[in-house]
Amino acid sequence: MPRIVLSTDETLTSTYHDVPLLDFLGCAPIDKLPNCIFRILDSQTPDNNGSLTMAPYGLRKIEAALLAQGFKRKEVVVAHPRKIEQFIDDKTTIVALYEMDPMGLGPVSMMFTNGGKWTNYTSVKFKELVERINRVRERKGYKFKLVVGGPGAWQVDFRKEERKKLKIDHVIIGEADHVAGDIFRDIETGNANETVYIKSWPRVDEIPTIVAPSYKGLIEVMRGCGRGCRFCEPNLRVARYLPLEKIEEEIKLNITAGIDHAWLHSEDIFLYKVEDKKNFYPNAEAVIELFETATKYTKNVNPTHGAIAGALANPGMIEEISRIVGANGRHWIGIQVGFETASPELIGKYMNNKMKPFSPEEWPWVLLNGTYVLNKNYWFPAYTTILGLPGETEEDEIMTAQLIITIERELEEKLGNRAHFTVTPLAFIPMGLLKDREFFNVEEMMTEGRFLHLYHAWRHLYKEVIRGLPMVMRGNPFLLPFYPLARLGARLVVEHIRKWGIRRGFNPDKRLEPLDVRIDVDEHRWYPAPSLIEAY
Ligand code: SF4
């Protein structure tokens with residue numbers, strides 16, 4: 001039996017029938033969505049005698065780090081959460097769980113659970129798994145330590161009472177690639193703190209290459225960001241770029257295992273190997289070469305995240321990537337993008353590099369024209385905004401609602417059916433350099449401006465479900481019966497938000513003027529940005 005058992009909760013091992021964005025289902029409240037919805041939409045990754053055939057990327061990194069730092073292959077297993085018991089016996093020293101949102105305190109969960117009033121599905125599954133592990137430990141009198149790590153580990157440390165009840169021995173916070181072996185050995189010998197804070201970062205050559213397939217072919221191309229948004233955890237990390245050879249090795253490993261997909265994970269794909277750290281002009285050659293390298297192995301290449309300013313700073317780069325991956329009306333490139341707020345003041349205060357090479361004053365224009373550049377080249381941005389940024393005013397919130405309406409109207413006028421984007425408002429979570437601020441409480445802190453921001457984002461999402469979903473559903477027959485259900489579900493959510501607002505005395509039909517910005521990127525073949533012309 002293995003000495004180290006690695007696993008995760010089952011919301012991170014479901015493929016969700018490969019429906020885009022359904023990976024967020026774990027954030028939904030179990031109190032409001034009937035359990036059967038989860039059961040129908042859940043499709044677990046197959047196991048190989050109990051081991052995961054593909055595992056979350058972060059878990060694969062820890063596995064690779066342990067193997068590179070002295071543990072033998074037979075001593076480490078990555079177990080399917082539903083089969084974890086079969087790997088635990090008296091030889092087991094550590095059971096370690098990789099978690100993203102174990103207590104439901106992440107921004108998406110806090111939004112969907114009414115500020116934590118309800119319980120998200122992930123926290124239920126996390127607790128179920130921990131209780132099963134504890135039952136084995138207690139029944140058999142085993143002495144192994146139960147450890148939680150990963151990007152959501154801070155939540156376990158934050159909820160101290162819960163942590164005690166769940167008998168979690170250690171929490172590991174930080175990047176562990178270069179020190180995993182030492183930390184695990186310290187835990188085994190009883191020399192580790194209850195919460196292990198890792199203060200150092202691995203150099204690129206200390207980040208191990210994964211040794212087994214990663215979930216849906218996700219691989220990391222860079223770590224950290226560098227744009228410096230004050231609410232953001234990845235921003236606290238130094239930006240590092242993985243070399244093409246390493247990236248290629250991981251893609252090949254996944255493709256050989258039958259995963260015909262390469263998700264290029266970064267905080268901002270357009271910053272890959274960026275050289276201009278002042279204005280953040282993309283290093284277009286490096287970004288294009290990255291996509292060329294990935295498409296040697298599969299045409300199904302997608303970035304995970306990107307900043308809209310990078311796309312607008314070099315539309316030619318976007319066009320070229322679309323050509324490389326064969327994007328067209330039947331094959332769109334999805335990307336998650338931070339919209340955050342329409343307010344130039346707030347963006348300048350908390351995220352004053354996010355819009356670079358443009359200026360904070362140009363931010364609404366950047367969002368409109370950047371979305372146009374993406375859509376024109378068959379990129380589908382899924383935006384997130386923040387509700388409850390410290391110091392925001394009613395005008396800031398109303399402006400965000402106005403910009404959503406403006407982008408919708410302007411894009412439809414210019415691109416017709418090729419106009420696609422979604423906006424998902426998320427509750428502000430005190431993280432990064434704003435750790436000491438207050439969590440946004442949906443119930444208590446809602447104002448009419450915030451309500452209008454929320455309502456217009458969901459109203460637009462409903463429109464996208466009607467217009468965009470049939471396009472996404474093409475090629476996935478599992479989804480066809482769900483189209484009417486998704487349509488109905490989205491309509492009910494919008495109606496629910498509307499009635500909820502009216503009950504609080506807000507006016508969902510309040511007349512909002514579109515903002516005074518227009519799509520004119522095609523008319524200006526200027527690079528750099530207008531705000532910087534004089535500087536150059
Ligand atoms: S651009 Fe995104 S990843 Fe980078 S610091 Fe800002 S919020 Fe964080």
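**Exercise 1.** With which side chain does the side chain of Gln44 make a polar contact of 3.4 Å?

*Solution.* This is a predicted model, in which local features need pLDDT of at least 70, side-chain atom pairs count only at pLDDT 80 or more, and totals for chains, interfaces and linings use all residues. Residues are numbered from 1 along each chain as its sequence is written, and side-chain values use heavy atoms, with hydrogens and water left out.

Step 1. Gln44 lies in the loop between H1 and strand E2 (47-48); helices (H or I, at least four residues) and strands (E, at least two) are DSSP runs, numbered from the N terminus.

Step 2. A polar contact is a pair of N or O atoms within 3.5 Å; within protein, one must be able to donate a hydrogen and the other to accept it, and residues adjacent in sequence count only if both atoms are side-chain atoms. The partner at 3.4 Å is the side chain of His80. The side chain of Thr13 also makes a polar contact with that of Gln44, at 2.6 Å.

**Exercise 2.** State the average pLDDT of the protein.

*Solution.* pLDDT is the predictor's confidence in each residue, from 0 to 100. The average is 91, and 95% of the residues score at least 70.
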